[in-house]
Amino acid sequence: MQWLIYIFLIPMVVLIGGGIIGLYAKGVDRKFAAYYQSRIGPPLRQPFYDIGKLMQKQTIIPENAVGWIFSGAPFVALASSVILLVYILVPYFAWIGDFNFFFSKSGDIILILYLLMIPSIALVAGGFASGSPYATLGAQREMVILMSTELPLAVTAVTFAWRLSHVAPGASHFSLVTMSFHPLWSGMGPFGILGGMLLALSIAVVIPAELAKIPFDQAEAETEIAEGLLAEYSGKYLAFYQIADGVKSLAVISLAVILFFPNGFVQMTGYRIAPAGYDITLLLDVVIFMVKVFLVYFVSVTTVRIAMARLKISQVAKLFLVTITVMCLAGYVLITLDPVIRTL
Amino acid sequence: MFGILYKVIEQLFSKKATNPFPGRYIPDSTIETLANGRLNPPVPLPEGLRGRLMYDYDTCIGCGMCEKVCPANAIELYPVTVGEKKSKRIVIYLSRCTYCGECVDICPKNSITMERFVFMAGYNKYGNDLIIGSAQRQENEIRE
Amino acid sequence: MDKTITYPLQIGPTHPAFKEPVRFSFKVEGERVAGVDIDLGYTHRAIEVISKERNFIQTIYLLERICGICSVSHPMAYCMAVEDASGIEVPPRARYIRTIIGELERMHSHLLWAGVAAHEIGFDTLFLYTWNIREKVLDCLEQFTGNRVNYAMLTIGGVRRDLTDDLIPVIEQTLEYYLEVYQRTSEILLDDQSIRYRCEGTGILTYDQAVALCAVGPTARASGLAKDVRVDYPMLAYPDMDWLKPITPLDIGKEPAGDVYDRMVVRVLELKQSVDIIRFCLDNLPEGPIASINGSIKIINKLKKVQGEGIGRYEAPRGEVAHYDILDMSECPVQMKVKAPTYSNAFAWVPMLQGSEIADIPIVIASIDPCIACADRMTILRDDGATETLNAEYLHSLSVNKMKEVKSRCSG
């Protein structure tokens, strides 16, 4: 019976914890964006105030919308974001804290890549179901972005799995735990490091696209198509989308952190902190992880979104399908060549 | 691209251009907040600002030129008696006023002046606090 | 799959990209615009009719409120029209002060435009940056005229406030500040890669189209059409500046393409030009009275005895604004006509938008710096919601009848 409790309890905890941290991350993002723009900016709690206000507001379902898809999409987006976060975080912390837990052996990168698509697909379905031309346009754009970011992500996943098949022949190559156990940078020659940097750079470009932030917020483009996908959403449904967005941004950035900078305190220093017999290393690891997440958020989302204009959808497709994919493939080739070159 | 990056990083650490709303957040008790002096200082007003109008009832001669030039028809004349003679005085509806200052310029007795004061919000557009000279009008107007 | 489906897309009357109500009906193929129709008339306020019931002084302040941004341009053109009709002279000092006010307004308008354009392409940092440096000129105007917008500075035959000696350093400081930030601002606006991605090659208006559609102001100049009322028409202090010439992208050695980027180039260069003009005016400010007639009542009394018509032209930040007034022994203008710059430029929207992407629509629309409130001259309202297209013959006959009516009134 225990698994039944866990299967409900863990997502619940992740929903609440991830929601709170994700919304705070949003607040920090807004604060720093404001500082960048020479503004004082909203208080850190502003996303919570927004959610609170939206929860009180009337939820309107447009007359010509497909009701059940329209109202189902926010829940699907939220639920899949939470599951995504569960599959990313629980195995990682189980590995770092060295304990066995319910989800600790799960966390397959292919599963994660598909889960990553579901919130966007829910958004697209909700957008198409809204019956508004703006939302339809936004949904079309979201599909284009979704499809064009897929290739760089897939190439990155394959690169990691390929490398693991050489570094750790016995282990499960697509598992996130194995990936964090063998960080990309360990045991690499200069070519491998260069390839890893190329991969990291392309993932840094993919992150804003996954999170629909400028310069890749075409699907929601406020001044072009009036919030696009979300044009018809209001009240509770919009609040759910906002929470889902917070959770998803946390999940996406956690994934990037786990892939590229997985080391915890023990791996970095080799010590465990245990004052008075209590092992608080895991707590420290959580803090270190959060700092990493916020740093990646700051560099790859906040700094980019204030320093660029919104691109056109054709430019986005070209950027991802050509430039970023070529970068990823170059990274892949460099990483695969690295052991060969070193044996020469 | 690097021009703006340089600029934003400079702005990240420099003094912010915006200034907070005078009251910090919605206070529990406005009176208490005001008494404790926790208000953020408002932006200073420049010299020569065209602010709220002030009207001197006693020096006014009721010539009505201000009413003639007022572009927003914010000035209204009403009859009074000064001593034995019939004359006129004005009221100014601030909610209609455009603060152009024509009445100030044209007044031959300098009875209308402008002060550097801009906080004129009110609940009622035609409430007594937004009508300059309404108190004198209630006192002195000849009603038939 | 060679069949392309076009579907209609309505943008407006209210839309986040528009600062004022205007409606565009697009026919869209995927992300490409196949057809466009413009529907003006949502902010019609009957200014011309209202002005007939207000005397000449009141009309100045009414016209100041046609548009909040060019709040000096409209009264300027109106004052020039009335002065033209009545033969009232403007003293040299007043002409210079008018020039300074107009150029300060041009600076703040162009900075405002740059911010709006940046916002349309999602570049909010730049929007806040330009609006931040715009504060300086607004502060200067506030100290100078007593208000940030709607300056109430002009009167018929002069200006209302003098440029006193203690105000000159304030303006000097402002100019100093702008010369300081100009380098950085032009770098950010013109060299930024993401702005170039969005602006180069979008919303192209060729030279021939600009000539054919009578485009004015920066929109025309960006297409290489060197016309500027300040240079072409003797007014204010501009004839004294022989170095003044219309700014086109050629000034930075760029062949004018007539795209959004070129319009940005023209406006950024005009910022510098305005600074130069104000410098010149401050250096050569003549002594003397600031108005030829003292007192508004005297002005009204003088204009009451005048019969005639006059035209005033001024280069507003958006292009040429022209006012036409008929005076007929009355203290109100008998007839007046406002030709706002957006009225000329609105037609340029059609070739610009044809074939562009949906993503380009906001920035292309914003690129002519539209002032819908200026341009709205007519609106048709029907209780039953029926739409009606007015054709050229009907409109022509309307204007002929109107002119006959005005003429008979003037002569009779």
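Guide: Chain C has 17 helices and eight strands, where helices (H or I, at least four residues) and strands (E, at least two) are DSSP runs numbered from the N terminus. This is a predicted model, in which local features need pLDDT of at least 70 and side-chain atom pairs count only at pLDDT 80 or more, while totals for chains, interfaces and linings use all residues. Residues are numbered from 1 along each chain as its sequence is written, and chains are lettered from A and ligands numbered from 1 in the order in which they are written.

The C-alpha trace of chain C spans about 75 × 55 × 35 Å along its principal axes. Its radius of gyration is 22 Å, which agrees with the value near 22 Å for a compact globule, because chain C has 412 residues and the rule, applied to C-alpha atoms, is 2.2 Å times the number of residues to the power 0.38. Of these 412 residues, 53% are buried, that is, 20 or more other C-beta atoms, placed from the backbone, lie within 10 Å of their own. Among contacts in chain C with a separation of 6 or more, 70% join residues 24 or more positions apart; a contact requires C-beta atoms, placed from the backbone, within 7 Å.

Turning to the neighbour, 25 residues of chain C are in contact with 21 residues of chain B. On the chain B side, α1 (2-13), α3 (65-69) and α4 (102-106) each supply at least two residues. The largest share, four residues, comes from α1(B).

Conventions: Buried ≥ 20, exposed ≤ 12 C-beta atoms within 10 Å, placed from the backbone. Contact = placed C-beta atoms within 7 Å.
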